[in-house]
Amino acid sequence: MAIKLRSLVIASLVAACLPSAALADKVRIAFIDPLSGPFAPVGQGILNSWQMIADIANKEKWAGSHTFEVVGFDNKASPQESLSQLKSAIDQGYRYVTQGNGSAAAAALLDAVNKHNERNPGKEVVYINYAAVDPDLTNSKCSFWQFRIDANSDMKMEAMTTFMAKKPEIKKVYIIGQNYSFGHQVTRAAKDYLKRKRPDIQIVGDDLHPIGQVKDFSPYIAKIKASGADTVVTGNWGADLALLIKAAKDADLKADFYTYYGSTTGVPTAMGAAGADRVKYVGYWNVNNEGYVGKEIVENFKKKYNDDYYAMATYTGIAMLAKAFNETKATDPVKVAFAMEGMKVKSLNGEVEMRKADHQLQQPLYIATWVKVNGKDVKYDQENTGYGWRTDQKIDAFVAAQPTSCQMKRPAMQ
């Protein structure tokens with residue numbers, strides 16, 4: 001009995017002397033995005049993407065003994081509901097949250113995370129912004145607690161308009177978008193950047209519509225047709241883009257579409273053959289990339305979910321967190337946040353860097369066009385349409401980089 005007791009005491013002392021890093025943590029990430037309503041298909045697909053990358057990271061031990069779990073919280077695309085879900089997640093002990101569908105929801109979450117962390121030292125929360133691209137979020141509203149792993153809308157517009165500037169056939173542009181912060185930023189940037197690069201191009205229309213409420217875009221398409229536009233620029237996403245493209249197809253609008261989110265759920269089906277050679281997108285990745293990097297993930301995702309993996313930011317986000325856990329030998333959000341500043345990782349689009357000044361990821365961008373699968377430069381289709389995205393150009397990170405007005409306030413190092 002005495003020997004057994006002595007063994008237990010020794011084991012306890014050894015355990016007490018071990019650094020906390022030796023203990024394996026399950027890091028739970030709260031995914032706060034629409035899982036019901038018109039944007040639910042996008043939200044569910046991206047939740048599946050986070051979960052699949054987390055599973056890969058766990059199996060391959062990206063973070064050593066630490067593991068990831070991503071759980072969905074339905075914010076119904078509402079800023080108010082986002083705050084309720086954030087509170088619920090924090091009450092359940094989540095220290096990491098991610099969100100991306102909607103910059104209005106992102107701004108609400110960011111403000112709430114800032115306030116929570118200020119009032120609750122020792123219980124800080126880190127916010128991984130994977131797709132809310134309003135530039136203000138890493139400029140006037142920048143925060144130590146937020147890391148944006150998507151390119152912001154100005155970065156994408158810089159890349160898009162650099163590409164457009166080399167197209168002499170573009171003469172008349174119509175801009176249409178959703179009436180909230182991101183839509184306004186797209187409109188502003190499109191006008192400013194085209195004026196700088198191609199002052200001869202006419203802006204023949206500029207419309208903003210209610211987000212997630214328009215069921216029939218035919219009146220907007222009629223205006224675009226009447227304007228004589230040869231090109232449409234839009235930041236629409238989800239159902240708002242799918243329905244816009246469908247209305248354009250139904251009206252036989254011949255204009256080219258330059259989009260941010262042409263590759264997102266529902267849009268490929270809406271386009272079908274009618275969008276071939278006419279719809280483009282700017283984004284941080286294309287499955288039909290120069291080396292088909294990431295094809296195993298794409299194929300396994302298709303098998304598991306009968307869906308397409310396109311939210312490559314999920315790979316970048318898990319890779320960065322894993323590297324931070326390994327470097328700090330901890331999962332504490334404050335230590336992890338400091339470790340992620342200036343961090344470089346190899347993602348599926350090449351080397352990316354989390355800029356320390358504003359926590360805006362710097363990464364290559366792609367311009368791609370919707371075309372028929374040919375087995376050569378377009379092997380993978382989307383939504384079983386027989387059409388996929390051909391890479392037109394991969395743009396180096398420095399080309400799309402933008403200055404920042406961020407005045408970062410950092411907590412004391414722990």
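A helix crossing counts as left-handed if the near helix is turned anticlockwise from the far one by less than a right angle, and as right-handed if it is turned clockwise. By that rule, the crossing of α2 and α10 is right-handed. What follows walks through a predicted model, in which local features need pLDDT of at least 70, side-chain atom pairs count only at pLDDT 80 or more, and totals for chains, interfaces and linings use all residues. Residues are numbered from 1 along each chain as its sequence is written, and side-chain values use heavy atoms, with hydrogens and water left out. Helices (H or I, at least four residues) and strands (E, at least two) are DSSP runs, numbered from the N terminus.

**The seven-stranded sheet**

- An open sheet of 7 strands runs in the order β7-β6-β8-β9-β10-β14-β15, and its pairing is mixed; two strands pair if DSSP finds at least two bridges between them.
- β7 and β15 (387-395) sit at the edges with a single partner strand each, so one side of each has no neighbour in the sheet.
- Ignoring direction, neighbouring strands here are turned by 20° against each other on average.
- Strand β6 (residues 172-178) and strand β7 (residues 202-209) pair in the parallel sense over 7 bridges, and I176 has D207 in β7 as its bridge partner.
- To get from β6 to β7, the chain goes through helix α6 (residues 181-197) in a right-handed β-α-β crossover; right-handed here says that, with the strands pointing away from the viewer, the path from the first strand over the helix to the second runs clockwise.
- β6 also pairs in the parallel sense with strand β8 (residues 231-234), over 4 bridges, and there Y174 stands opposite V232.
- β8 and β9 run parallel and are joined by 4 bridges, with T231 opposite D256 in β9.
- The chain passes from β8 through α8 to β9, again as a right-handed β-α-β crossover.
- Next along, 3 bridges join β9 to β10, also parallel, and T259 is bridged to Y281 in β10.

- Helix α7 (residues 218-227) lies across β6, β7 and β8 and runs at about 165° to β6; angles go from 0 to 180 degrees between N-to-C directions, and axes are lines fitted to C-alpha atoms, for helices over the stretch in contact.
- Helix α8 (residues 239-250) packs on the sheet too, touching β6, β7, β8, β9 (256-259) and β10 (279-283), and its direction makes about 175° with that of β9.

**The three-stranded sheet**

- A second open sheet has 3 strands in the order β11-β12-β13, with antiparallel pairing.
- Its edge strands are β11 (344-347) and β13 (361-362), each of which pairs on one side only.
- β11 and strand β12 (residues 350-354) share 4 bridges in the antiparallel sense, and K344 stands opposite E353 in β12.
- Helix α11 (residues 313-328) packs on this sheet, touching β11, β12 and β13, with its direction at about 140° to that of β11.

**Helix-helix packing**

- α11 and helix α12 (residues 333-340) pack at about 110°, their axes 9 Å apart.
- On the α11 side the contact (heavy atoms within 4.5 Å) uses M320, L321, A324, F325, E327 and T328, and on the α12 side K335, V336, A339 and M340.
- Sorted by class, the contact of α11 with α12 has 7 nonpolar, 1 polar and 2 charged residues; Ala, Val, Leu, Ile, Met, Phe, Trp, Tyr, Cys and Pro count as nonpolar, Asp, Glu, Lys and Arg as charged, and the others, Gly among them, as polar.
- Helix α5 (residues 153-164) packs with α6 at about 35°, with their axes 9 Å apart, and this crossing is right-handed.
- Residues meeting in that pair include M157, E158 and T161 from α5 and F182, R188 and Y193 from α6.
- The contact of α5 with α6 comes out as 8 nonpolar, 4 polar and 5 charged residues.
- Back at the opening pair, the axes of helix α2 (residues 40-60) and helix α10 (residues 295-305) come within 11 Å and cross at roughly 120°, and α2 and α10 are therefore oblique to each other.
- Among the residues that meet there are M52, I53 and I56 in α2 and I297, F301 and Y305 in α10.
- The residues of the contact of α2 with α10 split into 6 nonpolar, 5 polar and 2 charged.

How values were computed: Angles under 35 degrees count as roughly parallel, over 145 as roughly antiparallel, 65 to 115 as roughly perpendicular and the rest as oblique.
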